[in-house]
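Work through the two exercises below with the sequence and the model open. Try each task before reading its solution.

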Amino acid sequence: MNSFPGELILESFSALAAGLLLNFTPCVLPAIPVKIRTILHHAGDHPASRIAAGSAFVAGSLLFFLVLGVVTATLHWTWGALFESQWFLIALIVLLTGFAFCTFIDVRLPVPQFTQKIPGGRYLEPFVSGTFSALLASSCTGPFLGGVLMFAVAHPPSTIISLFALIGLGLGLPYLILLWHPELLRKLPRSGVWSLRIRQSMAFGLLAGAVFFTGSLPYQAFTRWLWAAWMAGLAGWVLYVFWVDHSRAAKIVATLAVLVGIVPFYVTGLSTSTKGNGLHWIAFSNRAFTHALKTNHPLLLEFTAAWCINCQVLEDSVYVSHNVIAAARKSNLVALRANLTRPNRKLELLLRRDGGNGLPYAVVIADNGAIVKRFRGLFTAAALEKAIQNAGHL
């Protein structure tokens with residue numbers, strides 16, 4: 001207990017760093033266009049107004065994580081539990097689509113007119129943007145976040161809420177700094193045709209996020225058609241840009257948009273050709289888990305969900321790595337997959353019992369039942385390969 005204050009200080013800094021690093025995780029990518037729009041709309045304001053806008057952005061992020069911290073402390077939620085609700089996903093898809101439309105035609109976020117008449121009402125847009133960014137960040141864990149959450153849930157509710165608040169502060173802090181020092185924005189696109197095309201390409205990024213989350217709803221085959229429609233729309237837009245624009249910069253932007261568009265096209269689920277070439281996954285059940293332990297073979301237990309972008313990145317990169325597959329075959333590894341796309345109280349309890357507080361999460365267990373390695377957030381194929389090899393030698 002004497003070491004607790006020192007641990008709390010260390011974990012507080014880790015929580016702040018985790019919030020900062022969440023800005024660089026795939027889960028937050030769909031929110032980047034919204035955040036950039038907010039910054040550009042307020043970059044030319046009076047210094048006091050810029051700081052107020054940045055503070056409103058941070059307040060939105062902070063409020064969301066405060067609420068998430070309270071719910072986690074009282075209901076013992078796991079990270080990303082909101083995304084298990086189909087109604088929440090539908091609302092998020094509609095929201096992302098609406099943001100994409102507003103970004104494409106360059107209109108401010110639709111906020112009620114009455115807010116303009118109340119003090120500070122003009123800062124509702126950055127507040128909503130901050131909240132929206134925090135919401136998307138909650139679907140995955142980032143670097144450092146797993147350890148912070150593990151520390152938090154073992155302590156009083158006040159500690160949990162404080163650490164969640166620091167995560168929210170870290171997430172919004174870069175945008176407060178950018179608005180505080182607008183000279184850092186000089187290299188951002190200025191007005192002109194090419195900046196118009198950059199904004200429109202960002203709209204396709206938001207729309208890609210909306211399509212991705214439809215994969216967590218029933219009738220997932222429909223998502224493939226939506227991805228095809230998204231790619232057709234992006235291709236049509238690029239052809240239009242090359243047809244009507246004489247600016248070389250605008251054409252470069254359109255070309256880059258296509259190249260970047262290929263990544264979500266394959267990584268997030270339209271192309272599933274790699275799914276059958278990875279590990280031989282078995283759906284998790286108590287019976288399968290018990291049987292795997294009795295066979296005296298190493299075990300890999302993965303917790304995943306269709307709404308977890310980081311999980312999909314791992315499944316299309318790390319788990320299909322030739323070295324990982326070779327190590328798994330050599331050690332006769334049994335791979336179990338626990339799917340949390342839909343609410344499953346038993347799997348959530350198992351996740352927390354095994355040391356996880358969010359997705360993605362995986363654990364490698366040796367043939368004697370000893371835990372070899374826990375993986376929280378993103379990790380490399382080399383790290384998983386090494387853990388599998390170590391499991392086979394215990």
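The model is predicted, so local features need pLDDT of at least 70 and side-chain atom pairs count only at pLDDT 80 or more, while totals for chains, interfaces and linings use all residues. Residues are numbered from 1 along each chain as its sequence is written, and side-chain values use heavy atoms, with hydrogens and water left out.

**Exercise 1.** Describe the burial and the pairing of strand β4.

Solution. 
1. Strands are DSSP runs of E with at least two residues, numbered from the N terminus. Strand β4 covers residues 361-365, and five of its five residues are buried; buried means under 20% relative accessible area with a 1.4 Å probe, protein chains only.
2. Tyr361, Val363 and Ile365 point one way, and Ala362 and Val364 point the other way. In a regular strand the side chains alternate between the two faces of the sheet.
3. Two strands pair if DSSP finds at least two bridges between them. Strand β2 (residues 299-304) pairs with β4 in the antiparallel sense over five bridges, and Glu302 has Ala362 as its bridge partner.
4. Strand β5 (residues 371-376) also pairs with β4 in the antiparallel sense, over five bridges; Ile365 is bridged to Ile371.
5. Five residues lie between β4 and β5 in their hairpin, and Gly369 in the turn has a positive phi of about 95°.

**Exercise 2.** Find which cysteines form a disulfide, and say whether they are buried or exposed.

Solution. 
1. A disulfide is a pair of cysteine sulfur atoms within 2.5 Å. The whole structure has one.
2. Cys308 and Cys311 form the disulfide, with their sulfur atoms 2.4 Å apart. The link is right-handed, with 80° about the S-S bond.
3. Cys308 has a relative accessible area of 0% and is therefore buried; Cys311, at 0%, is buried as well.

Technical notes. Buried < 20%, exposed > 50% of the residue type's maximum accessible area, 1.4 Å probe, protein only. Helix = DSSP H or I, 4+ residues; strand = E, 2+ residues; numbered from the N terminus.
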